[in-house]
Amino acid sequence: MAGRRSGSAVVALVVLLAALVGCGGRSAADSATTDVQRLLDRRAAAVLDRDERAYERTGTGVDFARLRQVPMAAWSYRVTELRRTGDTATADAELRYRVAGYDRAPVTAGRTLRLSRDADGRWSVDADRPARKSAQQLWDQGAVQAVRGARSLVLGVGQSGRSLRDFADLADRAVPAVSQEWGTDWSRHVVVLVPKSLEGMAGLLGSPASSYRGIAAVTTGETGAPARAPADRIIVNPDAFALLGGLGEQVVVTHETTHVATRAHTSAATPLWLSEGYADWVGYRATGGVPSEAAPELSRAVSQGEVPAALPEDKDFGFTGDASRLARAYESGWTACRLIADRWGESRLGEFYRAVGEHRKREGAVAEAMREVLGTTSEAFTEEWREYLRAQLG
C-alpha cells in the first residue's frame with residue numbers, strides 16, 4: 001500500500017509541474033515563432049496575389065515593387081529559427097519560389113528577416129535579406145524588368161529594355177539549335193538573369209567577383225537531378241558579355257542553354273572536358289568557323305609542338321587560374337567532342353554523353369562509355385585525339 005501511495009504521489013506531482021510550467025499552452029518562444037510564420041504566410045500570399053497593400057501591411061514594401069514584373073507561380077517561407085530580444089526579432093527562413101511557366105520545381109534560398117512588434121503585439125518585417133553564406137536574388141539588387149521571348153524569360157536589373165530584348169532573341173535562337181543536336185527531352189525554354197555588373201553576377205552566385213572576371217555567362221542548377229527538378233538560370237556577366245561580337249554572343253548563350261538541356265544527364269561521373277566540350281560543340285555548330293579560329297590558344301600550342309599529353313582535368317577549368325590555361329582546357333574539350341562527332345557520328349556523341357552521366361561515380365565511367373558506345377579505350381582515344389589536334393591545328 002505504501003508503494004502505491006508513493007507512486008500516486010509522484011504522478012500527481014508530475015501532473016502538477018506540467019500544469020505549472022505549460023499551463024496547457026505554448027511557450028513565449030513558440031508563440032512568437034508561430035506568429036512570425038503566420039505573418040510570413042500572409043506576406044507570401046500577397047506576393048502571389050500581387051496585392052501591394054496586403055504586402056505593405058506585413059512590413060516594408062520595398063521588395064514588392066522590385067518583384068512586380070516577375071511572374072511567380074509559388075512563393076512561401078518556412079521559419080527555421082527565431083531569435084527574439086524584447087520587441088525585436090531576427091528570423092532565419094527558407095524561401096521557396098517558382099517562376100510561372102519556367103520552373104518545374106522551386107528555387108530554395110536562405111533568408112534572414114529582421115522584425116519588430118508594435119504596442120498591440122503585432123509583428124512586422126523591417127528587412128528581408130539573403131542569409132549568411134546565401135546568394136542574392138535578383139530583386140535584392142534593384143527593380144527587376146522582365147522581357148518574354150518565344151522560348152525564354154529574361155530578367156534584368158539596371159539594363160535597358162532593348163538590351164534585355166536582345167538577350168531574349170539570343171536565347172530564342174539557342175533553344176532550337178540545342179534541341180536539334182541534343183533532342184527534345186528537356187524543358188526547351190530558359191530563364192536568363194542579367195544583373196547590372198560583374199559584381200551583381202557574383203552576388204547572384206554567392207562568390208567573389210574575381211572568380212568570374214572575364215567569364216561572359218554561367219549556368220546554375222543541380223547536376224544529375226531528375227528532368228522535372230532543376231530550376232536552371234543562365235546568369236550573364238554584362239561587363240564581359242559587352243566585349244563579345246554578335247557571333248560570340250550567340251555561341252555563349254547557346255553554350256549555356258546546352259547546359260540547361262543536358263542537366264538531367266550530367267552527374268558526378270561527367271568530367272568537365274565532356275560537359276564543357278559538348279556545350280562548346282553545340283555552341284559552335286552553326287558558326288561555320290574553322291578549328292583554328294575556335295581554338296586559338298590550343299592552336300598556338302600545337303603549332304609550337306606542345307600537343308597536350310592528356311585530356312584536361314576538372315581543376316584545369318577553374319575560373320581563378322591562368323586565362324590561357326583555362327582557354328586551352330575548354331578548347332581541348334571542344335576538340336575531343338568534335339572528334340567524336342566527326343569519327344563516330346553526331347548522334348553517337350550524344351549517346352556517349354548520356355552513357356557517361358548514367359554512372360554515379362567518376363571512376364570507370366568514361367572508360368566504360370568509350371568501350372560500349374565508341375568501341376575504343378580511353379588510351380586509344382587520347383592518342384587519336386592528339387593526332388586529330390596535329391591534323392586540325394598544326
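This is a predicted model: local features need pLDDT of at least 70, side-chain atom pairs count only at pLDDT 80 or more; totals for chains, interfaces and linings use all residues.
Residues are numbered from 1 along each chain as its sequence is written, and side-chain values use heavy atoms, with hydrogens and water left out.

Strand 5 (residues 145-148) and strand 6 run antiparallel and are joined by 4 bridges; two strands pair if DSSP finds at least two bridges between them. Helices (H or I, at least four residues) and strands (E, at least two) are DSSP runs, numbered from the N terminus. A hairpin takes the chain from strand 5 to strand 6 through 3 residues. Strand 6 also has 5 bridges to strand 7 (residues 190-194), and here the two run parallel. One of the partners in strand 7 is Val 194, bridged to Gly 156.

How covered is strand 6? Of its 5 residues, 5 are buried, where buried means under 20% relative accessible area, exposed over 50% and partly exposed in between (1.4 Å probe, protein chains only). In a regular strand the side chains alternate between the two faces of the sheet. Here Ser 152, Val 154 and Gly 156 point one way, Leu 153 and Leu 155 the other.

Now for the core. The largest nonpolar core has 112 residues, and Trp 75, Leu 115, Trp 273, Phe 352 and Phe 381 touch the most other members. Such a core is a set of buried Ala, Val, Leu, Ile, Met, Phe, Trp, Tyr and Cys residues joined through side-chain atoms within 4.5 Å. Helix 12 (residues 323-344) gives the most to this core, with 10 residues.

Rings of Phe, Tyr and Trp (its six-membered ring) pair if their centres lie within 6.5 Å; planes under 30 degrees apart count as stacked, over 60 as edge-to-face and the rest as tilted. That gives 14 aromatic pairs. Trp 273 and Phe 381 have ring centres 6.4 Å apart and planes at 25°, so this pair is stacked. The two sit 108 residues apart, Trp 273 in helix 9 (residues 272-284) and Phe 381 in helix 15 (residues 378-393). For Trp 344 and Phe 381, the centres are 6.1 Å apart and the planes at 35°, so that pair is tilted.
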